[in-house]
Amino acid sequence: MSTEQKLQTAEQLLAPWNKETIRPEENRLDVVIQPEALHEAASALHEAKWGYLSAITGMDMGVEAGQLEALYHFCNGPAITSLRVRLPRAGAVVPTIADIIPPATFFEREIKEMFGIKVDGLAVTDHLFLPEDWLPDVYPQRVDFTIEQAKAMEVSHADQMPEPGRVGENTFVVPIGPQHPALKEPGHFSFTVDGEIVTAAKMRLGYAHRGIEKAAESRSWVENLYLFERVCGICSHTHAMAFSMGVEQLAKVEVPARAQAIRELVAGLERVHSHLLWLGVTAHEAGFDTLFMYSWRDRETVMNLLEQITGNRVNYSANVLGGVKCEIGDEQSKAIKEGLTYLETRIRHYLEVVTTDAMFLNRTRGIGTITAPEAERFGLLGPTARASGVARDVRIEAPYGAYVRYPVSLVTETNGDLEARCVVRLKELLVSCFAMRSILDNMPEGPLTARMPRKIPAGETVARVEAPRGELFYYIKSNGGEIPVRVHVRTPSLCNWVSVLEKAVGRQLADVPMLIAGMDPCFSCNDRVVTVVDSRTSENWSWKRLREYGIEYYSR
Amino acid sequence: MNNKPSLWKQTMNKVRTWARMNSIGAIHFNSGSCNGCDIEILATLTPRYDVERFGIKLHGSPRHADVLLVTGPVTRQARERLIRTYEQMPEPKFVISVGACSISGGVFDGCYNVGGSVDEVIPVDVFVPGCPPRPEAIIDGIIQLLGQLQGGAPRPVAKPKMTGEVSS
């Protein structure tokens, strides 16, 4: 079915509630609906299996307009249908759609705390990103929010962590994080355990929430490119690529073929570095440190190549708006090919290790199994979804940039357990290596950049890129000025969290780090803060008491 | 009264410094970084850079650590945790602030959820600049700290602005 047909189907499905139809871009359909009709409209799309809910973007149209907007983006291949709900600034309420589409929970919590759009029927009402002591009725993404408002807020030193300890006859709460020895975003989990078995799982994000989307609204387009590169240090190139793709679509600038090829090449190298990093961390979680060290040693080959091409190991800034800034010469091409040959042999070796090593298989085979229907229901993305047999890959569904000319083949597995996730990621690397070779052999000639205007024409666009962890979604709006009006980023990890929280329940606590690593946020949760019970009085100590005791003990 | 420590104490101090210099226990805290510095810190531990040859090992618990490696600007929510982690470390403790963001807020300076740099929250001994700093730079930072330790010279320490909140 062509994109146009898909959009027509969506329009027919949404006809009963349709108030206004907008076609902002060729592959997009915006349907304005009343907030009351949202639940029915979303379930119509969902029941007809028209794509999946990719993101919910909130927008503040300004104090004068007195209006907020919530955009529910459904993606089906390259076609995107957005349900546009217009709400008054005071007393904005939408019904929840999390009962039919579970991943919507996180998106709804986000618009609730960022825009103050009340979501009726939302089960969890805690903050998702903002600190617990954030004042109510202060919504950071609204246009009239100022940094001073945040500065004026008292940073309380109250204990924000849930009290660990005995919660029933045999159950304990084990908090994990946010400080942990290995790497990546700090996150806090609390698992209720009955003996060794997890009976409930909760998660708290926001330790690394900096407010990038708001900061983007006060920086120029070029400055923003470097800001978005630093959303994540591991997939920095894909973030910068998604942002520049969006801005180029708005400016209607055609990026030269050579620049697109180099973008895909760097993205391929980044995927290799990211997946090898992930393999090492997962091996570390399983107690298989030898594999950790080996995969990180081989990862240095990619780091060398990235450094040779771009001049930096991490945050390489290969992109500029309208193209790339680094050239691939003969010498580099040769070095990359040599590197790829070495990596391919190593990746084949690791593929053998993860499918044959008995100790590792004990930790991966049949653990955290997610079936294909479950993966669809949770809205999983990237390798986590593909391991369950869900064919979801933006590079194949909606090829962008050079992926039209140098396509990659889809890698899926059917088991859906941790072993399948290892296999999918490693096989994907072989596919990436193959694609990189074909780029190097058939590199188009031409300039590296196209001229970009300083002011980007008014409009709004969606850029989707397959990051190593899954689909990355950027929504960019310009009013024709030198700075964007709104940039919304939906990262793949946010969608994949559900898989951990659902699958941890009923498993042993020891499997939890593996489950978390399996979706590739790579938390290394060795650090646990366990409940301290005073043996003399058998009384549970509060955080405050424990802390005071610690200070007292060490100052003796 | 002679203020000079006894020979026994002097010898013990020498032994302690020698032991400390050869077995640094490090701990890593991400206070809101983009992961760039974090993966470079991890890279310093893995075979290519291998800081274990200097006796440096990453520990899981602050109770076992001598050196705290902090990456990223300090977000409002991570702030309390950073102080807590610092307080949990036994004396003597050292802090290395890794990356541009942890030194000044970097590219995230002025974001609403960013409280500021690391040295505004806890005392910092060594700053390692870069976005992200290369593993060599991180190793250099640690070596500088070791040099300070060996010399026994008073360490230049950044004073946190919010005094009174950190009890050490």
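How many bridges join strand S1 (residues 25-30) of chain B to S2(B), and do the two run parallel or antiparallel?

A: In this predicted model, strand S1 of chain B, residues 25-30, is joined to S2(B) by 2 bridges, and the two strands run parallel. Within this pairing, B:Ala26 stands opposite B:Leu58 of S2(B). Helix H2 of chain B, residues 36-45, packs on the sheet and touches S1, S2, strand S3 (67-71) and strand S5 (94-98) of chain B. The direction of H2(B) makes about 140° with that of S3(B).

The sheet itself is open and consists of 5 strands of chain B in the order S2-S1-S3-S5-S7, with parallel pairing. Strand S2 (57-58) and strand S7 (126-128) of chain B each have a single partner strand and stand at the edges, so one side of each has no neighbour in the sheet.

Leaving aside neighbours within four places in sequence, B:Leu68 is in contact with B:Ile27, B:Phe29, B:Thr85, B:Tyr86, B:Met89, B:Lys93 and B:Val95. The largest nonpolar core has 201 residues, of which B:Leu68, B:Ile96 and A:Tyr474 touch the most other members. Helix H8 of chain A, residues 257-285, gives the most to this core, with 14 residues.

As to the contact between the chains, 44 residues come from chain A and 46 residues from chain B. On the side of chain A that touches chain B, 25 residues are nonpolar, 9 polar and 10 charged.

Definitions and conventions: Residues numbered from 1 in each chain as written. Chains lettered and ligands numbered in written order. Predicted model: local features only at pLDDT ≥ 70, side-chain atom pairs only at ≥ 80, totals over all residues. Pairing = 2+ DSSP bridges. Helix = DSSP H or I, 4+ residues; strand = E, 2+ residues; numbered from the N terminus. Contact = placed C-beta atoms within 7 Å. Axes fitted to C-alpha atoms, helices over the stretch in contact; angles between N-to-C directions. Core = buried A, V, L, I, M, F, W, Y, C linked by C-beta atoms within 7 Å. Buried ≥ 20, exposed ≤ 12 C-beta atoms within 10 Å, placed from the backbone. Nonpolar A, V, L, I, M, F, W, Y, C, P; charged D, E, K, R; others polar.
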